[in-house]
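Please keep the structure in view while you go through the points.

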There are 2 protein chains.
Amino acid sequence: MSTRFHTTYHVRCPAHEIEARAQGIAVEQSVEMPLPAITDARVLADIVGQVTGIAELGEGAFAVKIALAVETVGTDAGQMLNMILGNTSMHACVSLVDVEIPLAFAATFGGPRHGLEGLRARVGAGRRPLTATAIKPQGLPVPALAELAHRLALGGLDYIKDDHNHADQAFSPFARRVPAIAEAVRRAGVLTGHPTRYVPMLNGDWGRMQAQLRLVRDCGIDTVMMAPMLSGVATLQALAREWSEMAVLAHPSMSGGGQIAPDLLFGTLFRLWGADALIFANYGGRFGFPPSMCASLSARALAPLHGLRAGLPTPAGGMELARVPELLDFFGPDVMLLIGGSLLLAGARIEQEGAAFHRAVEAYFA
Amino acid sequence: MSTRFHTTYHVRCPAHEIEARAQGIAVEQSVEMPLPAITDARVLADIVGQVTGIAELGEGAFAVKIALAVETVGTDAGQMLNMILGNTSMHACVSLVDVEIPLAFAATFGGPRHGLEGLRARVGAGRRPLTATAIKPQGLPVPALAELAHRLALGGLDYIKDDHNHADQAFSPFARRVPAIAEAVRRAGVLTGHPTRYVPMLNGDWGRMQAQLRLVRDCGIDTVMMAPMLSGVATLQALAREWSEMAVLAHPSMSGGGQIAPDLLFGTLFRLWGADALIFANYGGRFGFPPSMCASLSARALAPLHGLRAGLPTPAGGMELARVPELLDFFGPDVMLLIGGSLLLAGARIEQEGAAFHRAVEAYFA
């Protein structure tokens with residue numbers, strides 16, 4: 001007997017084509033061959049995708065619901081992505097907007113190993129929102145990056161992450177950059193009494209990434225960042241599974257212009273596959289997600305899901321200090337605000353600006 | 001002194017916004033912060049992206065040319081993707097259409113380790129086009145898959161690949177499926193005298209993929225398939241670098257609806273990063289690339305590029321036997337035709353259908 005899970009796509013096409021389009025997706029995302037060529041009764045009954053609903057959304061768009069077989073996903077996050085979107089990603093007029101998560105997937109992938117509460121506990125944050133910033137720009141030599149991180153940490157922020165463009169470039173090689181910044185942030189923490197965390201960006205294939213993880217661990221670091229759509233979602237899964245002591249911030253690089261709805265991708269899928277914090281492009285910044293999408297993303301990250309830990313919504317992308325009250329009104333206390341570039345505009349006053357950011361967040365729910 | 005390479009984007013926006021949009025991409029894809037906050041003269045001169053051209057394309061679209069710094073890419077294919085599209089992928093109205101490949105990138109990434117000529121040599125194909133098919137559907141038990149592969153190989157085809165949906169599912173676990181199919185194809189080769197290759201699909205993170213590769217090698221297999229946009233382009237790079245005896249077919253799953261132009265992604269980037277054959281959704285099949293895009297993809301895969309081997313263009317996706325002459329007219333001899341599902345419609349006559357396909361290709365340029 002087959003166990004199925006539902007996926008939902010939005011499709012834009014003429015009304016007379018939608019049934020064929022829906023059936024096309026159901027076949028593409030399961031057996032990818034003409035059904036008349038399938039003679040195996042079990043494959044026809046249990047494996048071939050089934051269209052279970054088509055709803056008109058107006059303006060030439062339709063919601064298509066398809067039942068896929070749980071057993072086609074196996075145990076790999078990459079294969080799950082392959083089955084829920086894979087080849088269908090090559091159709092420009094289709095987006096994946098929902099995926100039902102059965103208990104079996106929660107058991108297989110395990111979700112965040114630390115999540116919202118783990119990331120709060122690392123920095124002794126009680127139930128308040130968290131603060132984060134980024135070390136920029138790439139191209140600075142290691143001592144300048146370490147000095148910048150030190151001054152940001154003196155402001156008492158919770159998490160100070162690498163710019164996601166920091167990889168292993170000659171101007172600041174990973175093996176020199178990470179120990180120097182880790183030490184600079186640690187020294188600041190001794191002065192402030194706040195256990196500010198430095199979060200290095202991981203890169204490369206899983207072999208090279210693990211070499212980076214060994215170095216990271218030796219520096220006393222317990223929180224890292226990676227971009228699942230750049231490094232592969234199976235790499236995120238491996239990181240959560242094999243380095244479960246590390247908390248993981250998922251960066252949105254290469255997450256696309258909406259072919260997977262961001263609330264689904266960040267709030268549900270990245271969380272399911274093991275990301276502890278979900279960095280996403282907030283409304284009103286440099287990117288275009290509407291407020292409703294950001295609210296849905298946050299709600300998904302925090303919603304009960306077969307006992308998985310909550311993910312930490314982390315809005316970012318052109319945020320500013322002046323927006324802190326508005327953002328906390330909108331997201332509530334279960335959030336990490338990430339303000340990067342605009343803090344750096346403070347120049348010589350960067351510590352004070354960081355401190356003002358952190359105080360504004362601390363004070364809001366005090 | 002900085003060495004730069006050019007990237008080209010197509011942007012759709014009102015004409016009065018295009019200069020700001022272009023500058024926005026240049027900043028996003030380099031330092032990702034407000035320029036007034038950068039005090040380091042070298043970063044401003046050598047690292048910040050520079051808009052070097054804006055051309056109107058008509059109908060509200062523009063081509064934007066940007067010079068990025070070679071040194072920001074480092075040595076990782078994932079980081080290269082991060083720098084050429086990364087965050088900008090989150091803008092729906094932007095696509096990446098060209099990337100200049102300087103000699104430094106060719107030296108770093110190395111391109112195909114076998115390429116067009118290596119894949120021809122494996123099957124003793126001289127200068128003729130190659131033939132390929134796929135083993136489908138997933139869900140069949142291992143003996144049925146092996147039997148199908150055996151019969152397809154009896155038709156004398158060159159490459160018989162896994163369906164890209166074959167991962168490590170319980171109904172046909174990798175460790176049982178691959179040896180059984182490899183043996184079935186080998187037995188057929190003894191009968192036909194043709195060295196038909198079985199090409200298994202690799203999955204999971206690079207650690208698990210390497211365990212699969214060890215098993216694959218032990219089965220005498222020398223050609224594998226993986227999906228770079230699913231498993232991560234750094235994983236493709238690692239595969240080409242660390243298992244250079246394996247030829248690699250790149251599968252297009254998760255390659256998106258055109259946010260990276262397919263000719264660039266398959267013909268230039270996958271080739272640069274080490275893919276030997278480029279499977280792409282051909283015109284006139286289930287997917288929508290126009291003929292001009294397919295021609296450009298093929299031309300890029302074969303074009304001289306700092307001495308890198310040619311990639312093998314492999315059109316697929318709803319192809320049929322009757323189209324062989326048309327496709328060979330279009331692509332010429334430097335191509336591998338991949339006909340999957342429609343061959344399987346032949347049912348009991350599958351060997352004859354496979355043989356007819358192979359003969360049609362062999363005969364065309366004879």
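1. **An exposed loop residue.** With 6 C-beta neighbours inside 10 Å, B:Glu59 counts as exposed. The cut-offs are these: a residue is buried if 20 or more other C-beta atoms lie within 10 Å of its own, exposed if 12 or fewer, and partly exposed in between, with C-beta atoms placed from the backbone. B:Glu59 sits in the loop between β2 (50–58) and β3 (61–69) of chain B. Its phi is positive, about 55°, although B:Glu59 is not a glycine. Most residues other than glycine have a negative phi, and most peptide bonds are trans.

2. **What kind of model this is.** This is a predicted model, in which local features need pLDDT of at least 70, side-chain atom pairs count only at pLDDT 80 or more, and totals for chains, interfaces and linings use all residues. Residues are numbered from 1 along each chain as its sequence is written, while chains are lettered from A and ligands numbered from 1 in the order in which they are written. The pLDDT (the predictor's confidence in each residue, from 0 to 100) averages 96 in chain A, and 99% of the residues score at least 70. The model scores ipTM 0.97 and pTM 0.98.

3. Phi of B:Met254 is near 65°, and B:Met254 is not a glycine either. B:Met254 lies in the loop between β9 (247–250) and α11 (262–273) of chain B. Is B:Met254 buried or exposed? B:Met254 counts as buried, because 25 C-beta neighbours lie inside 10 Å.

4. **Cis peptide bonds.** A:Lys136 and A:Pro137 are joined by a cis peptide bond, with omega about -10°. A:Pro137 is in the loop between β5 (130–135) and α6 (142–154) of chain A. In chain B, a cis peptide bond joins B:Lys136 and B:Pro137, and omega is about -10°. B:Pro137 is placed in the loop between β5 (130–135) and α6 (142–154) of chain B.

5. **Chain A as a whole.** Chain A has 15 helices and 12 strands. These are DSSP runs (helices H or I, at least four residues; strands E, at least two), numbered from the N terminus. The radius of gyration of chain A is 22 Å, close to the 21 Å that the globule rule gives for 366 residues, so chain A is as compact as a globular protein of that length. That radius is taken over C-alpha atoms, and the globule rule is 2.2 Å times the number of residues to the power 0.38. The C-alpha trace of chain A spans about 70 × 40 × 35 Å along its principal axes. Of the 366 residues, 59% count as buried.

6. **Two domains.** Chain A is assigned domain 1 (4–100) and domain 2 (115–364); such bounds come from an automatic or database domain assignment. The domain centres, taken over C-alpha atoms, are 34 Å apart. In chain A, 11 residues of domain 1 are in contact with 13 residues of domain 2. Contact means that the C-beta atoms of two residues, placed from the backbone, lie within 7 Å. On the domain 1 side, α3 (77–84) and β4 (94–99) of chain A each supply at least two residues. The largest share, five residues, comes from β4(A).

7. **Symmetry.** A rotation of 180° with 0.0 Å of shift along its axis superposes chain B on chain A, with RMSD 0.0 Å. The two copies are thus related as by a two-fold rotation axis. The superposition is by least squares on the C-alpha atoms of residues with pLDDT of at least 70 in both copies. Of the residues of chain B, B:Gly232 comes closest to the axis, at 2.3 Å (C-alpha).
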